[in-house]
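Subject: Structure handover

Hello,

Here is the structure we spoke about, with its sequence. My notes on what was found follow below.

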Amino acid sequence: MDKLDIKVLIKQVPNTSEVKIDPHTGTLMREGMESIINPDDLHAIEAALQLRDTHGGKVTAISMGPPQAKDVLREALGMGVDECILLTDRAFAGADTLATSYTLGKCVLRLGRFDLVIAGHQAIDGDTAQIGPQVAEFLGIPQVIRAIRLEIRGDGLLAERTAEEGTEIVKSTLPALVTVTKEANDPRYLFVPLLMAAFEEDAPIRVWGGNDIGADEAGTGLKGSPTRVRRTFTPSHNKKIERLNGMPADMARTLVERLRERKVI
Amino acid sequence: MAVWVKKSECVGCETCLDVCPIGAISMSEGIAVIGDKCNSCGACVESCPHGAIKSDASDRKADISAFKDVWVVAETRQGNIRSCTSELMGCGRGLADALGQRLCAVLAGKEVSSHAGAMAENGADIVYLMEDKGLEEGLALPYVRAITDAVLEKRPAVVLFAATPFGRELAPRVSRRLGVGLTADCTGLDIDPETKNLLQTRPAWGGNLMATIISPDTRPQMSTVRPGVMKALPAEPGRKAEVVQLKVNIKPEDQRLNIQELKKELYKHVNLTEARVIVSGGHGVESKDGFGLLEELAGLLGAEVAGTRIAVEEGWLTPDRQVGQTGKSVCPELYIACGISGAIQHSAGMMGSKTIVAINTDPAAPIFAIADIAIVEDLFKIVPELITALKMKEGEN
């Protein structure tokens, strides 16, 4: 296989380990929430860089988001990605996974020939794991989901993916789309000179809107999104908690009794 | 795309304030004001009882009345119907009854016709049967072809998939090919009595919030449904369904990916999502040896051992045993959490368990807020006693 052209799809997400919910309104409190690169996406970048380092070629990172999503692209450059595209446009706002996959897919097509698209398995804010398969479908290419190992073999892709009962080796034609999980690799550290360069004026980050990728407005953002959030609420735990007391042996015996009463053991 | 309030129609009822998922709406002089944070999601537009919130989103209403019936896409493993499919049938039956429509099981695979009877006994009115040697378990593309073609021909109102790894690989491609919405990993499904829309409820933001999603203007409405949450109906022996054979037209491009080999040796067979009992450990288990103790307990209970992200990162457990937001979501009959604090990243993956037992030394640990039975004590004191108590026959203690 000659040089590889690899696109990596990455997303800026709020750090959900710090999520705070307004107890009165049941809505998300965004103030002061830290933004990070989606954890699985770091592994996608690493997988792309490893393939490039073996075979030569180019890695392009693509992110859709508000202007501040440039931060995660700078991080990608700091890891060694060659160039970046930030897809930002008011018309992209409110996109569900269908509209997002259309927008990302249009961008990949606009960039021309490619061999692989690599994405993180899922994003921690939405947890849908739908973008990978939907982009693959938009591009009309096969997909390897939950990959932990990738290898270019001849003119195809040999990958190991996690299955429910172990792992599977699958073989695919190229181009293909791959989503990776955190078991795939250990992402490299940022290389400070590269990260510094990513903040320069001439850093290779192009900012594109809908017109630049030839997207039809009916397909992007809220207009292109068939789903709507009807309401949000905080999960309720109206459980009656029984607290056991006494010596460990007493508590253990009581617990066994309770579990037998509940017929769960 | 923009969302705005038509001031003359706003009555200041504040309904939209609670609906906005990002808290972008505030009140000013008795009228709702949409702030800069607005991401145009449109939730408020739907919610306003007075139609005072407007958006310039195009009206995408198609003729949705032509779409009828509730479909359940059956999933097989080694040729057998999986339990998550029976759960979906139970859920789908309720939805079909609420709509006054039929429940249809979609049975696709190499040789699956023998399961048609079971689908009927599980509640199906119609079984759509698609058999082709190209429909190989674990390969999404041929199934995408078969199911999309069937949907285009028969036009169902609702299509449900199990949120198994395969279902979550298959359903997004079908939704993209059809250009319709898909809601991932639902834990609640209902029919809106007024609009007849499918109300799809799922955890969001790592389980911190629940969101109810609708696809009001496109059909079919599609969801993947978390295994273990819905209830299967008791089989009705002798119940019959009409079996309809559908053609499968798999194309060469659907066979660009194939499975070379299944490597089971990497992990011992573990199936957390279908386990009845799970013994789980976190930071408090302290070591691989600590997990040895949990394994002993699990052995007595016929349980699987699982753990938190920390337990996996410390190397005490293999990654296939991680429960939580970045691991597996489980809903067993019994979940015994040992030395787990219960951070949302973990509890998001197990709070649906029927009975939760929490053992932790810290009385303030969040795990106790979702537990049914709480034991504030060192797990290393409790678990050995528990093992002793279990070894005694019932009635002896």
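A salt bridge is counted here when a side-chain nitrogen of Lys or Arg lies within 4 Å of a carboxyl oxygen of Asp or Glu. On that basis the structure holds 40 salt bridges over all chains. One of them pairs B:Arg173, in helix α6 of chain B, with A:Glu137, in helix α4 (residues 131-139) of chain A, so this pair joins two chains. Please keep in mind throughout that this is a predicted model.

Interface between chains A and B

On contact, 110 residues of chain B meet 89 residues of chain A. The two chains bury about 9,000 Å² between them, and 55% of that area is on carbon and sulfur atoms. Three residues, B:Arg173, B:Arg176 and B:Trp205, account for 9% of the area that chain B buries against chain A, which is more than any other three residues supply.

How many salt bridges are there between chain B and chain A? The count is five. In the one formed by B:Arg173 and A:Glu137, the closest N and O atoms are 2.8 Å apart. Polar contacts between chain B and chain A come to 30 residue pairs, with both residues at pLDDT 80 or more.

Which element gives the most to the side of chain B that touches chain A? Helix α6 (residues 165-178) of chain B does, with eight residues. Sorted by class, that side of chain B has 53 nonpolar, 31 polar and 26 charged residues.

Strand pairing

Strands also pair across the two chains. Strand β11 (residues 166-173) of chain A and strand β17 (residues 257-263) of chain B run antiparallel and are joined by six bridges. Within this pairing, A:Lys171 has B:Asn258 in β17(B) as its bridge partner.

Strand β15 (residues 242-243) of chain A and strand β22 (residues 373-376) of chain B run parallel, with two bridges between them. Here the bridge partner of A:Glu242 is B:Ile373 in β22(B).

Strand β22(B) also pairs with strand β21 (residues 355-360) of chain B, in the parallel sense and over four bridges. In β22(B), B:Ile373 stands opposite B:Val357.

Domains of chain B

Chain B is divided into domain 1 (3-55), domain 2 (64-252) and domain 3 (272-391). The centres of domain 1 and domain 2 of chain B, taken over C-alpha atoms, are separated by 35 Å.

Backbone points to check

Where are the cis peptide bonds I noted?

- A:Leu174 and A:Pro175 are joined by a cis peptide bond, with omega about 0 degrees. A:Pro175 is in the loop between β11 and β12 (176-180) of chain A. Strand β11 of chain A is the strand that runs antiparallel to β17 of chain B.
- The peptide bond from B:Arg219 to B:Pro220 is cis, and its omega is near 0 degrees. B:Pro220 is in the loop between β14 (209-214) and β15 (221-225) of chain B.

A:Lys263 is not a glycine, yet it has a positive phi of about 55 degrees. A:Lys263 lies in the segment after α6 (248-261) of chain A.

Regards

Methods. Residues are numbered from 1 along each chain as its sequence is written. Chains are lettered from A and ligands numbered from 1 in the order in which they are written. This is a predicted model: local features need pLDDT of at least 70, side-chain atom pairs count only at pLDDT 80 or more; totals for chains, interfaces and linings use all residues. Side-chain values use heavy atoms; hydrogens and water are left out. Domain bounds come from an automatic or database domain assignment. Contact means heavy atoms within 4.5 Å. Buried area is the accessible area (1.4 Å probe) that two parts lose on being put together, summed over both. A polar contact is a pair of N or O atoms within 3.5 Å; within protein, one must be able to donate a hydrogen and the other to accept it, and residues adjacent in sequence count only if both atoms are side-chain atoms. Ala, Val, Leu, Ile, Met, Phe, Trp, Tyr, Cys and Pro count as nonpolar, Asp, Glu, Lys and Arg as charged, and the others, Gly among them, as polar. Two strands pair if DSSP finds at least two bridges between them.
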